[in-house]
Amino acid sequence: MAQGQKYDDRVRERALALLATNMSARGVAAKLGVAESTVRNWKRAYLEENPSYLTELRAQKRAEFAAVAWADIGKAQGMLSRRLDRAEAQEDALDKLIALVSEADVMTLTREEKRDLIRMLQMIKLEDPAKLTNIIGVLYDKQALASDESTVNVGGTVGVKNLEDT
């Protein structure tokens with residue numbers, strides 16, 4: 001990098017924003033293609049003028065992140081709600097089909113009726129409950145973190161006592 005090169009305010013502001021995310025001066029310099037000493041000088045100058053600048057900028061960036069996170073969480077909750085509705089509808093369809101088959105005399109069904117039952121079964125796509133519960137857990141954690149609440153994974157063990165041993 002040429003010595004004495006001038007940078008516009010956008011580059012300096014971007015550098016300070018990256019520093020506010022706790023990125024190192026070396027990392028900022030590499031990312032922006034600026035000399036590390038220049039980044040350190042910008043940081044020193046801004047901190048001399050406004051000692052709380054980086055702290056305030058961190059708080060601002062955190063608030064912006066939280067707002068985006070909440071919007072994304074809202075979208076994800078909507079998607080999850082639709083998936084749960086579809087899963088419930090598919091399970092209802094499966095229950096109806098099971099009832100239909102159990103009430104019918106399978107031996108007397110025509111080939112066409114059997115094909116229709118097979119097509120109806122193939123159309124039912126059940127949601128994987130493990131995926132849905134994972135999504136719920138991730139959303140819960142993101143909401144808690146965006147609200148500065150802690151997330152706790154409570155572990156434990158459960159024992160079953162044999163009644164014959166007592």
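1. Helices, here runs of at least four residues, and strands, runs of at least two, are assigned by DSSP and numbered from the N terminus. By that definition the protein chain of this predicted model has 6 helices and 0 strands. In sequence order the pattern is α-α-α-α-α-α.

2. Next, burial and surface. The protein chain has 166 residues, and 19% of them count as buried.

3. On contacts along the chain: take the pairs in contact that lie at least 6 residues apart in sequence. Of these contacts, 61% join residues at least 24 apart.

4. The structure contains 7 salt bridges. Several of them are described in the points below.

5. One of the salt bridges links the side chains of Asp8 and Arg10, with an N to O distance of 2.9 Å. How accessible are the two partners, Arg10 and Asp8? Arg10 has a relative accessible area of 67% and is exposed, because the exposed class begins over 50%. Asp8, at 35%, is partly exposed.

6. A salt bridge also joins Glu36 and Arg40, and its closest N and O atoms are 2.5 Å apart. Both residues belong to helix H3, which covers residues 36-49. They are 4 residues apart, so about one helical turn separates Arg40 from Glu36. Arg40 is partly exposed, with a relative accessible area of 42%. Glu36 has a relative accessibility of 24% and is partly exposed as well; it does not count as buried, because that class requires a value under 20%.

7. Helix H5, residues 111-123, holds both Glu112 and Arg115. The two residues are 3 apart, about one turn of the helix. Their side chains form a salt bridge at 2.9 Å, N to O. Glu112 is partly exposed at 40% relative accessible area, and Arg115 is partly exposed at 39%.

8. Which residues are linked with Glu112 and Arg115 in a network of salt bridges? Asp116 and Arg119 are the other members of that network.

9. To sum up, the predicted model shows a chain with 6 helices and 0 strands, with 19% of its residues buried. Its 7 salt bridges include Arg10 with Asp8, Arg40 with Glu36 in helix H3, and Glu112 with Arg115 in helix H5.

How values were computed
Residues are numbered from 1 along each chain as its sequence is written. This is a predicted model: local features need pLDDT of at least 70, side-chain atom pairs count only at pLDDT 80 or more; totals for chains, interfaces and linings use all residues. Side-chain values use heavy atoms; hydrogens and water are left out. Buried means under 20% relative accessible area, exposed over 50%, partly exposed in between (1.4 Å probe, protein chains only). Contact means heavy atoms within 4.5 Å. A salt bridge is a side-chain nitrogen of Lys or Arg within 4 Å of a carboxyl oxygen of Asp or Glu.
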